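My notes follow in the order of looking.

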Amino acid sequence: MTTHPARPEERPAAVSGQPRPRRRLNTPVLLAYVVLTVGIVVTLFPFAWMLLTSLKSFQELFNLAFLPAVPTLDNYRQVLLETRFLQWFANSLLVAGVTTASVLFFDSLVGYTLAKFDFPGKNLIFILILSTLMIPTEMLVIPWFVGVSDLQLTRSTPGAYFAIMFPGLISAFGVFLMRQFFETLPDDLLEAARIDGMSEFGIFWRIALPLVRPALASLAIFTFLGNWNAFLWPLIVIQKPEFRTLPVGTALFNGEAGTQWGLIMAASSLAVIPVLIVFAIFQKQIIDGIVLTGMKG
Amino acid sequence: MTRTAPTSPPRPRRGGSMRRHQARTAYTFLLVPLIFFLIVRFLPTLSALRLSVFDWNILKEQQPFVGLENYERLFADEKFGQSLRNTALYAVIGVPAQIALGLVVALMLNRIQALRGLFRALYFAPYVTPIVAAAWVWQWLFSPQFGPINTFLIWLNIPPQNFLTSPSQALATTAALVVWQNLGFQIVLFLAGLAAIPRSYYEAAEIDGANGTQAFWKITLPLLNPTIVFSVVTGTISYLQLFTQVVNLNFTDQGGPLGSTMTVALYIYQIAFGRYQMGYASAITVVLFVIILAITLIQLRFLTRRYDL
C-alpha cells in the first residue's frame, strides 16, 4: 500500500486558495448548481411527502394537497400509545448499540493485528476473512435458523436478543476498513511505546486506537445503520412480538393496524429521527472517514 | 506494503524472540474473532452445502438423503428461472445507474464551493433512511389511484401509469428505489476517489492544452478505476441479494404482480421459511453463492486490467 489516503486539507476545495484560472460564477459552475438543485428536489421529495402525510388527519389523507390543511399530531399519538412502537424502538437501540460496540472493538483489534504484526499465516487469515463477504446471507440464514431452533434460544429474554445479534458481532468489511487505516500509522510510534514497557494490548488500546478516530466514527455509523435497518435475519429469528425490532415491527404493522397510511407515515418518520440525529452530529467525521480511508484495495 | 524493515540496529539481535513474541500476541488477539468467523460464517456455509443434498424439511420426521435431486429440481423450476432473470435485471439496471448518477453528482459537487457540505449531506439522507420506511413512502408515491407521481404525469399530459401494480413496470420502479437509497453512499465513494487524484495532473494537462472533456477521459476516469471496480463488485453483490425493498414494496403478495419483482433471495426465503423446505432452499443458496463467486472473479479480472497505470 503505497498511496497515501487523501487528507482533508488536500481536497480540491481547500487547494483552490491557489490562483486558478476560473473562480467566478461561470457557466459550468452555474450548471452544476442547477443540476444539483434539481437532484436534491427529486431526492428529498419522498421525505417531505412522508413527513407531511404523517401530519394529515384521516379525512385529509387521500386528497392530494402537498401541505396538510389542518396539521395534527394524532397519528403520532396513536403510534406511540396504541402500538408496541416504543418497545420495538428500544429493542432496535439495544441490538444496534451492542452490535456496534462489539464490531468497533473486535474489528479494530483484528485490523490492527493484521496491519502491524508479522506472523505466519497473516495473509491467509486476511484473505479468508475477506472472502466471507462473498457468502450470501441467504446461505447462512438457513443453518443459523436450524442451530438457533435446536438450542431453543428465542424463548427467553437474553437468548432472544443474542439470537438476533450474533451474526453481526464482527464484520469482515470493518476488518478491511480498519486494516487499511492502521497501515498508515507509523511503526516508530508503537515501537517507542514498546520500549517504554507498555503491554501490547495497552499499545493498541491507548496509542493506536485514539489515532484512528475518524475511521472508527465511519465504521460506527455504518454498523449502527446496518443493524438498525437489518431485516432478513430478525424477521426469521424473532418469534414473539415483544422481541421485534423496529423494521420487523413496522413491516408487520400493516396487518395489525390495517393499512392506515397516517400511522405508517408517522412510524416511519419517528424511525428516521435517531439516525438523522446521529448523522447530523457526526456528518463530518463520517464523510471524512470514508474519504480518508479511501475505500481502496 | 513494507514488512517491518531492518531500520534500527538493536532489532536484528533479538529478531528471533521478537518474532515469536509478535506471533504469540497476534494469535491471542485473533483468537476470539477467528472462532467467530469459523462458527458463524465457515461452518454454516459447509452446513448449507450438506443440507442441499437432503430432503430437509423442518416439519417432517425423516430427513432423507437425496443426492443431487434438489439441484435437478431447480432446472425444471420456472419460478426459480424467473427470479434468477429478475435478479440479473436488477443488477444490470441498478449498478450502472447508481454509478453514472453518483459520478455526475460527485463531479458537480467538486465544481462548487458554496453549499457543498449541505448538498453532500442532503444527498446522503436517503442512505440513512430505514429501508422499510422508504419502501412504504415509495408505495404511496407510485400508487396508481392516489399517488402524487401520477398526479404530476397527468399535469404533464402523460397518461397515469400502474408502476408497482404493473408486471412490466414493477421491477424498474423497485430498482429506482434501490438506486435512490444507494446514491448517497456512491457519491461519497466517488468524492473520496476524486480527492485522491493529484491536482498537478490537471494542471499539467491544462498546460498541454487539453480541454475539460479530454481531461475527464484521460485523467479522471482512469484514475477513478479502483473506486469504480469497488463499486461494481460490491454493488453487484448487494443487488444479487436484494430482499428487503422487494418484500416491503409488496408485502401482501410477496414478489410483485405475477412474480415480476421476485428475486432469488425472496424465493429462497419463501421456500425455506414459508414452506420449510430447507434442503431445496439450501440448494438455491449454493447456486447463488457460485454465481456471486463467478461474477466477482470475472469482474475483478476484467475491470482491474483495463487501465493499469
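I began with A:R194, which is buried, as is A:E191. Buried here means under 20% relative accessible area, exposed means over 50%, and partly exposed is in between (1.4 Å probe, protein chains only). A:R194 and A:E191 form a salt bridge, with the closest N and O atoms 3.4 Å apart. I count a salt bridge when a side-chain nitrogen of Lys or Arg is within 4 Å of a carboxyl oxygen of Asp or Glu. The two residues are 3 residues apart in helix α9 of chain A, so about one helical turn separates them. Helices (H or I, at least four residues) and strands (E, at least two) are DSSP runs, numbered from the N terminus.

I then followed A:R194 to a further partner. A:R194 also forms a salt bridge with A:E200, where the closest N and O atoms are 2.8 Å apart. Both A:R194 and A:E200 are buried. Elsewhere, shared partners link A:D74, A:R77 and A:E82 into one network of salt bridges.

The model is predicted: local features need pLDDT of at least 70, side-chain atom pairs count only at pLDDT 80 or more, and totals for chains, interfaces and linings use all residues. Residues are numbered from 1 along each chain as its sequence is written, chains are lettered from A and ligands numbered from 1 in the order in which they are written, and side-chain values use heavy atoms, with hydrogens and water left out.

Next I asked how many salt bridges the structure holds over all chains. The count is 6. One of them pairs the side chains of A:D187 and A:K116 at 3.1 Å, N to O. A:D187 lies in helix α9 (residues 187–195) of chain A and A:K116 in helix α4 (residues 85–116) of chain A, so this pair ties together parts 71 residues apart in sequence. A:D187 is partly exposed because its relative accessibility is 33%. A:K116 has a relative accessible area of 11%, so A:K116 counts as buried.

I stepped back to chain A as a whole. Its secondary structure comes to 15 helices and 0 strands. Of its 297 residues, 56% count as buried. The accessible surface of chain A is about 13100 Å² (Shrake-Rupley method, 1.4 Å probe; for residues, only the protein chains shown count as cover). Carbon and sulfur atoms hold 67% of that surface. I also checked contacts, meaning heavy atoms within 4.5 Å. In chain A, residues 24 or more positions apart account for 70% of the contacts with a separation of 6 or more.

Then I turned to the interface. Chain A and chain B bury about 9400 Å² between them, 76% of it on carbon and sulfur atoms. Buried area is the accessible area (1.4 Å probe) that two parts lose on being put together, summed over both. In chain A, A:D118, A:M134 and A:M139 lose the most area to chain B, together 8% of what that side buries. Helix α2 (residues 27–54) of chain A gives the largest share of the side that touches chain B, with 19 residues. By class, that side of chain A has 76 nonpolar, 18 polar and 12 charged residues. Nonpolar covers Ala, Val, Leu, Ile, Met, Phe, Trp, Tyr, Cys and Pro; charged covers Asp, Glu, Lys and Arg; the others, Gly among them, are polar. The contact takes 106 residues from chain A and 98 residues from chain B. How many salt bridges are counted between chain A and chain B? I found 0.

Last, I looked inside chain B. In helix α6 (residues 131–141) of chain B, 10 of the 11 residues are buried. B:W136, B:W138 and B:W140 are among them. B:Q181 sits in helix α8 (residues 170–195) of chain B. Its relative accessibility is 4%, so B:Q181 counts as buried. Beyond four places in sequence, B:Q181 is in contact with residues including B:P126, B:I131, B:A134 and B:Q245. B:Q186 is also in helix α8 of chain B. B:Q186 is buried because its relative accessible area is 4%.
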